[in-house]
Amino acid sequence: MSEANAHRVAVFGAGYVGLVTGACFAELGHDVTIRDVLPGKIDALRRGEVPIYEPGLDELLERNRERLTFTTDVVEAIEDAEFVYVAVGTPPTVSGDADLSAVWMVIDELPQVEHRIVVVMKSTVPVGTGEKVRHRLDARGLGHVGYASNPEFTAEGTAIKDFMEPDRIVIGAFDAADADAVEELHAGIDAPVVRADVASAEMAKLAANAALMTRISFINEIANVCEATGADVVKVAEAIGYDRRIGKSFLRAGVGFGGSCFPKDSLALKQLAANSGYHFQVLSAVIEVNELQKRRVVGKLQELLGPLRGKRIALLGLAFKPNTDDTREAPAFVLAGRLLAEGADVVVWDPIAHADGFHGVEQVATVADAAREADAVVLVTEWPELADVEWEVVAATMRSRVFVDGRNMLEPEAMRAAGFRYSAIGRASNGTV
Ligand code: UGA
């Protein structure tokens, strides 16, 4: 990239989104300053330590070291910046609304800059936030500061690829010049750019996640009906996925969705609709189906083992999905809580995530340790290493050989041949002729 095309970007927030955004903009040739309020985090980043697990992120930060600065100081971050990316957390409040206090802190902390900068919202916010930020900036005498919404569509575990090779880039702005500037910042990325008003860009983010969640709850309900009627959801998903109008992705039935985004964003959108006087029925059902889905495994275990009091249940996987250490809203925790409430002993294994602070749960280092003397094993997260386990050897060490595959990851016939009473999600038949 020529010097002329390189821009100076300040990123506020050194969480998943902020670090990925900062590292990727540096990779595109821009000079990036990442600012966070936590001195410990900034010190660690300066030492070259990455506080989160995201494949490829450490290499990217290392490779672009000379284009990356880390600071706690707002003035230092803003000094020559042309763009201020807001990538702070927006967790749900008790009412289900998004808590925007960290966003407001960034807006209120902006110094009285003389030069033109564009504030760009990367954090997921309710529709209407941009409008409010615009008013606040104007009220602070920062009318010359631009504003744009540039929502993120990156998934944990593939965030770098999702950023560098996105399906689309969405830019919402009040002023076409600001949208032009944000678009130019993405030069080097080959993707359709959707330019919109700010409210539509904000809604696009929430709607994308809602659509994906709807697919998951839909296929989970199909799975439950498959169980009741003797069909195999894996076959059904394959069959409907070939329909180009439906598509193959996000049709994996399982123990429900978790993570830092879907559960939070579904509540935020439901609440946003409710605040505007609209009852978003489909989304309410999607949320409810997901809550029930996380608990269904308990019923399966009861069917297979009888009362669970005193039974030792091994949960394989804590992270809400593989390739991340993130356990936020992970189905494993709901499951563990339910099993403990039924009086079971719960032992967990995960290659990188931790059950720290979860009282009553024992975490062990290997799959073999988790399964030894267990009455049942539940596969909760489809970690790739679980494909290579010698299940026959594991089965031989168990008290009773019950296996519930909560992600339909393993081959039913092979697991039965390994000695298990194997049950999966929505696989009442073996799906083949
Ligand atoms: C999700 C979206 O996929 C991203 O596009 C979005 O940018 C991000 O939220 C966000 O809002 O920041 P993420 O939460 O990282 O990304 O993870 P996903 O891969 O979407 O998985 C979410 C959950 O759905 C996981 O618990 C996963 O196991 C579950 N899932 C996914 C299913 O149960 N079935 C599927 O077919 C797909």
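Modeller: Gladly, and please keep in mind that this is a predicted model. Counting cavities of 30 Å³ or more, the search comes to 3 of them.

Biologist: What volume does the largest cavity have, and which residues are closest to its centre?

Modeller: The largest cavity has a volume of about 120 Å³. It is lined by 14 residues, and the closest to its centre are Lys-122, Pro-151, Pro-166, Arg-168 and Ile-169. The elements that give two or more residues to this lining are helix α7 (159-164) and strand β7 (169-173).

Biologist: And how does that lining divide by class?

Modeller: The lining of the largest cavity divides into 7 nonpolar, 3 polar and 4 charged residues.

Biologist: What about the second largest cavity, which residues line that one?

Modeller: The second largest cavity holds about 50 Å³ of space, and its lining consists of Met-121, Ser-123, Thr-124, Val-125, Ser-149, Pro-151, Glu-202 and Lys-205. By class, that lining has 3 nonpolar, 3 polar and 2 charged residues.

Biologist: Switching to pockets, which residues line the second largest pocket?

Modeller: For the second largest pocket, with a volume of about 170 Å³, the lining is made of Val-233, Val-234, Ala-237, Glu-238, Lys-248, Leu-251, Arg-252, Ala-253, Arg-407 and Asn-408. Of these residues, 5 are nonpolar, 1 is polar and 4 are charged.

Biologist: On to the sheets, then. In what order do the strands of the 8-stranded sheet come?

Modeller: This open sheet of 8 strands has the order β3-β2-β1-β4-β5-β6-β7-β8, and its pairing is mixed. At the edges are β3 (68-71) and β8 (193-196), each of which pairs on one side only. Ignoring direction, neighbouring strands here are turned by 25° against each other on average.

Biologist: How many bridges join β1 to β4?

Modeller: Strand β1 (residues 8-12) and strand β4 (residues 83-86) run parallel and are joined by 4 bridges, with Val-9 standing opposite Phe-83 in β4.

Biologist: Which strands does helix α1 lie across?

Modeller: Helix α1 (residues 16-27) lies across β1, β2 (31-35), β3 and β4, and it runs at about 165° to β2. Helix α6 (residues 129-139) also packs on the sheet, where it touches β5 (118-121) and β6 (146-149), and its direction makes about 165° with that of β6.

Biologist: How many aromatic pairs does a search of the whole structure find?

Modeller: The search finds 10 aromatic pairs. In one of them, Phe-25 and Tyr-85 have ring centres 5.1 Å apart and planes at 55°, so the pair counts as tilted. Because Phe-25 lies in helix α1 and Tyr-85 in strand β4, this pair ties together parts that are 60 residues apart in sequence.

Biologist: Now the 6-stranded sheet: is the pairing parallel or antiparallel?

Modeller: The pairing is parallel in this open sheet of 6 strands, whose order is β11-β10-β9-β12-β13-β14. The edge strands β11 (361-364) and β14 (421-423) each have a single partner strand, so one side of each is left without a neighbour in the sheet. Neighbouring strands of this sheet are turned by 20° against each other on average, direction ignored.

Biologist: And which helix touches β9, β10, β11 and β12?

Modeller: That is helix α13 (residues 331-341), which packs on the sheet with its direction at about 175° to that of β9. Helix α12 (residues 281-305), in turn, lies across β9, β12, β13 (402-405) and β14, running at about 160° to β13.

Technical notes:
Residues are numbered from 1 along each chain as its sequence is written. This is a predicted model: local features need pLDDT of at least 70, side-chain atom pairs count only at pLDDT 80 or more; totals for chains, interfaces and linings use all residues. Side-chain values use heavy atoms; hydrogens and water are left out. On a 1 Å grid over the protein atoms alone, a cavity is a set of points where a 1.4 Å probe fits but cannot get out, and a pocket is an open set with protein on both sides within 12 Å along at least five of seven lines; lining residues have an atom within 4 Å of a point. Grid points are joined across faces, edges and corners, and a volume is the space filled by probe spheres set on the points. Ala, Val, Leu, Ile, Met, Phe, Trp, Tyr, Cys and Pro count as nonpolar, Asp, Glu, Lys and Arg as charged, and the others, Gly among them, as polar. Two strands pair if DSSP finds at least two bridges between them. Axes are lines fitted to C-alpha atoms, for helices over the stretch in contact, and angles run from 0 to 180 degrees between N-to-C directions. Contact means heavy atoms within 4.5 Å. Rings of Phe, Tyr and Trp (its six-membered ring) pair if their centres lie within 6.5 Å; planes under 30 degrees apart count as stacked, over 60 as edge-to-face and the rest as tilted.
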